[in-house]
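Please open the model in a viewer and keep the sequence at hand.

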Amino acid sequence: MREIDLKIMELEKEIMFGKWLAFDPIKDHQLKVRKFNIEKRKLLDAEAKKNNS
């Protein structure tokens with residue numbers, strides 16, 4: 001498996017199984033998904049920048 005895929009899987013585990021972001025389970029899941037997508041995009045952008053340098 002590629003290194004970036006492993007980093008994404010670790011990020012997903014860290015966010016999804018981390019502390020609750022909201023008391024309501026549905027809202028909590030929505031916030032976690034939003035946070036995961038933002039952090040994943042940052043990770044992919046950093047990886048692309050590193051590879052282009």
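Begin by selecting helices α1 and α2, whose axes come within 10 Å and cross at roughly 155°. Helices here are DSSP runs (H or I, at least four residues), numbered from the N terminus. The axes are lines fitted to C-alpha atoms, for helices over the stretch in contact, with angles from 0 to 180 degrees between N-to-C directions. α1 and α2 are therefore roughly antiparallel to each other, a term that applies to angles over 145 degrees. Their crossing is right-handed, meaning that the near helix is turned clockwise from the far one by less than a right angle.

Before going further, note that this is a predicted model, in which local features need pLDDT of at least 70 and side-chain atom pairs count only at pLDDT 80 or more, while totals for chains, interfaces and linings use all residues. Residues are numbered from 1 along each chain as its sequence is written, and side-chain values use heavy atoms, with hydrogens and water left out.

**The helix pair**

Next, display the side chains between the helices. On the α1 side, select Ile-4, Lys-7, Ile-8, Leu-11, Glu-12, Ile-15 and Met-16; these meet Lys-32, Val-33, Lys-35, Phe-36, Glu-39, Lys-40, Leu-43, Leu-44, Glu-47 and Lys-50 in α2. Contact means heavy atoms within 4.5 Å. By class, the contact of α1 with α2 has nine nonpolar, no polar and eight charged residues. In this scheme Ala, Val, Leu, Ile, Met, Phe, Trp, Tyr, Cys and Pro count as nonpolar, Asp, Glu, Lys and Arg as charged, and the others, Gly among them, as polar.

**The nonpolar core**

Which residues form the largest nonpolar core? Select Ile-4, Ile-8, Leu-11, Ile-15 and Phe-36, the five residues that make it up. Helix α1 (residues 3-16) supplies the largest share of this core, four residues. A nonpolar core is a set of buried Ala, Val, Leu, Ile, Met, Phe, Trp, Tyr and Cys residues joined through side-chain atoms within 4.5 Å. Buried means under 20% relative accessible area, exposed over 50%, and partly exposed in between (1.4 Å probe, protein chains only).

Now centre on Ile-4, which is in contact with Leu-43, Leu-44 and Glu-47, leaving aside its neighbours within four places in sequence. Moving to Glu-47, the viewer is in helix α2 (residues 25-52). Glu-47 is buried, with a relative accessible area of 16%. Residues up to four places away in sequence not counted, Glu-47 touches Ile-4 and Lys-7.

Select Leu-21, in the loop between α1 and α2. Leu-21 is partly exposed, at 35% relative accessibility. Beyond four places in sequence, Leu-21 touches Asp-28, Leu-31, Lys-32 and Lys-35. A distance drawn between the C-alpha atoms of Leu-21 and Arg-2, 19 residues apart along the chain, gives 30 Å.

With neighbours within four places in sequence set aside, Asp-28 is in contact with Trp-20, Leu-21 and Ala-22.

His-29 also has its place in helix α2, and is partly exposed, with a relative accessible area of 47%. The C-alpha atoms of His-29 and Asp-45, 16 residues apart along the chain, are separated by 24 Å.

**The start of the chain**

Finally, select Met-1, in the segment before α1. Met-1 is exposed, with a relative accessible area of 72%. Leaving aside neighbours within four places in sequence, Met-1 is in contact with Leu-6 and Met-9.

Definitions and conventions: Helices (H or I, at least four residues) and strands (E, at least two) are DSSP runs, numbered from the N terminus. Angles under 35 degrees count as roughly parallel, over 145 as roughly antiparallel, 65 to 115 as roughly perpendicular and the rest as oblique.
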